[in-house]
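Subject: Structure for you to look at

Hello,

Here is the structure I promised to hand over. Please open it and keep it beside you while you read my notes.

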Amino acid sequence: MGQSFFITGTGTDIGKTITTGFLYYSLNKLGLKTTVFKPFQTGLIEETQTYPDLDWFQSVIGVSNAGFYALEPETSPHLAIKLQSAKVNIEAVLQRLKELEQANDIVLVEGAGGLAVPLIEREDDFYMTKDFIKDANMPSILVSPSGLGSIHDVLTTNQYANHYEIPIQLLLFNRFEETNIIHLDNVETLKRIVQLPALAIPFFEDVKNELERYCENCIQSESFKKQIKEVFRYETR
């Protein structure tokens, strides 16, 4: 029986899909059978009739059928469901997740936006992203940009996670520039404040062709393999 990990972000459009791909490649190359699950995808691209994240998972890293609910409006899931008059069954999502866990060591579950995103509007309240994470019993991985503003965004997201008892296993900084003093200080400052493991990946000029090779280089590092082992609680092979 495998374990799911929820990939969330400090906001939208901050690189969750690319960092999910980074983890997918790295974990599989370390011998952990890993797949990707995107239960709520919004925003159909009309010109290509595709959904961006699901298309990227299939065409770039080779994971087909990663989605579950695909909704055309480019909005928060709860609003897309309302606008499309869609019927959503969260128990069916959780069942699919269990099936993926049974077939894999690791399931990377990519969220929509951040932790405080509403997924389903109910008569008296909202079923939130945090509710889904808790129902699925998943720890989280928090993705953040590396630049100005990331300290505030990581700290507020981490406080929200702590309030709702959602464990964060890893901070993953995207678009990191190792010569940028702000990026360097942000990562070091946040590691000291939140006391969580952290990894950083760079900006890729051609991510489709560079990402897998970058992961191959990462897994040559013993410290990287040790950190993956600690975060994902598996022996790397």
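Where is Glu-165 found? Glu-165 sits in the loop between helix H6 (150-163) and strand E8 (168-174). Before you go on, note that this is a predicted model.

**Two residues with positive phi**

Glu-165 is not a glycine, yet its phi is positive, at about 55 degrees. Most residues other than glycine have a negative phi. Is Glu-165 buried or exposed? Its relative accessible area is 64%, so Glu-165 is exposed.

Asp-13 also has a positive phi without being a glycine; the value is near 60 degrees. Look for Asp-13 in the loop between E1 and helix H1 (16-29). Asp-13 counts as exposed because its relative accessibility is 66%.

Now go to strand E1 (residues 3-9), where Thr-8 lies. The relative accessible area of Thr-8 is 0%, so Thr-8 is buried. What does Thr-8 touch, leaving aside residues up to four places away in sequence? The list is Lys-16, Gly-113, Gly-114, Leu-115, Ile-141, Leu-142 and Val-143. Look closely at Leu-115. Its backbone nitrogen lies 3.4 Å from a polar atom of the Thr-8 side chain.

Ser-150 is in helix H6. Ser-150 counts as buried, because its relative accessibility is 3%. The cut-off for buried is under 20%. Which side chain makes a polar contact with the side chain of Ser-150? The partner is Asn-186, at 3.1 Å. Leaving out residues up to four places away in sequence, Ser-150 touches Ser-144, Pro-145, Asn-186 and Leu-190.

**How helices pack**

Two packed helices are described by the angle between their axes and the distance between the axes.

Take H1 and helix H8 (residues 207-218). Their axes cross at roughly 45 degrees and come within 9 Å. That angle makes H1 oblique to H8. The crossing of H1 past H8 is right-handed. From H1, the contact uses Ile-18, Gly-21, Phe-22, Tyr-25, Ser-26 and Lys-29. From H8, it uses Val-207, Leu-211, Glu-212, Tyr-214, Cys-215, Glu-216 and Cys-218. How many residues of each class does the contact of H1 with H8 have? There are 8 nonpolar, 2 polar and 3 charged residues.

H1 also packs against helix H9 (residues 222-232). Here the angle is about 105 degrees and the axes are 12 Å apart. H1 and H9 are therefore roughly perpendicular, as angles from 65 to 115 degrees are counted that way. H1 brings Phe-22, Leu-23, Ser-26 and Leu-27 to the contact, and H9 brings Phe-224, Ile-228 and Phe-232. By class, the contact of H1 with H9 has 6 nonpolar residues, 1 polar residue and no charged ones.

H4 passes H5 in a right-handed crossing. Which residues make the contact? They are Ile-90, Val-93, Leu-94 and Leu-97 of H4, together with Phe-132, Asp-135 and Ala-136 of H5. By class, the contact of H4 with H5 has 6 nonpolar residues, 1 charged residue and no polar ones.

**Two helix residues to check**

Find Tyr-214 in helix H8. Tyr-214 counts as partly exposed, because its relative accessibility is 22%. Not counting residues up to four places away in sequence, Tyr-214 touches Phe-22, Ala-200, Ile-201, Pro-202 and Phe-204. Pick out Phe-22 here: it is one of the H1 residues in the contact with H8. How far is Tyr-214 from Thr-179, C-alpha to C-alpha, and what is their separation along the chain? The distance is 18 Å, and they are 35 residues apart along the chain.

Last, go to Lys-98 in helix H4. Lys-98 has 46% relative accessibility, so it counts as partly exposed. Lys-98 and Gly-67 are 31 residues apart in sequence, and their C-alpha atoms are 14 Å apart in space.

Best wishes

Terms used: Residues numbered from 1 in each chain as written. Predicted model: local features only at pLDDT ≥ 70, side-chain atom pairs only at ≥ 80, totals over all residues. Heavy atoms only, no water. Left-handed = near helix turned anticlockwise from the far one by under 90°. Helix = DSSP H or I, 4+ residues; strand = E, 2+ residues; numbered from the N terminus. Contact = heavy atoms within 4.5 Å. Nonpolar A, V, L, I, M, F, W, Y, C, P; charged D, E, K, R; others polar. Buried < 20%, exposed > 50% of the residue type's maximum accessible area, 1.4 Å probe, protein only. Polar contact = N/O pair within 3.5 Å; in protein donor to acceptor, adjacent residues only side chain to side chain. Axes fitted to C-alpha atoms, helices over the stretch in contact; angles between N-to-C directions. Parallel < 35°, antiparallel > 145°, perpendicular 65-115°, else oblique.
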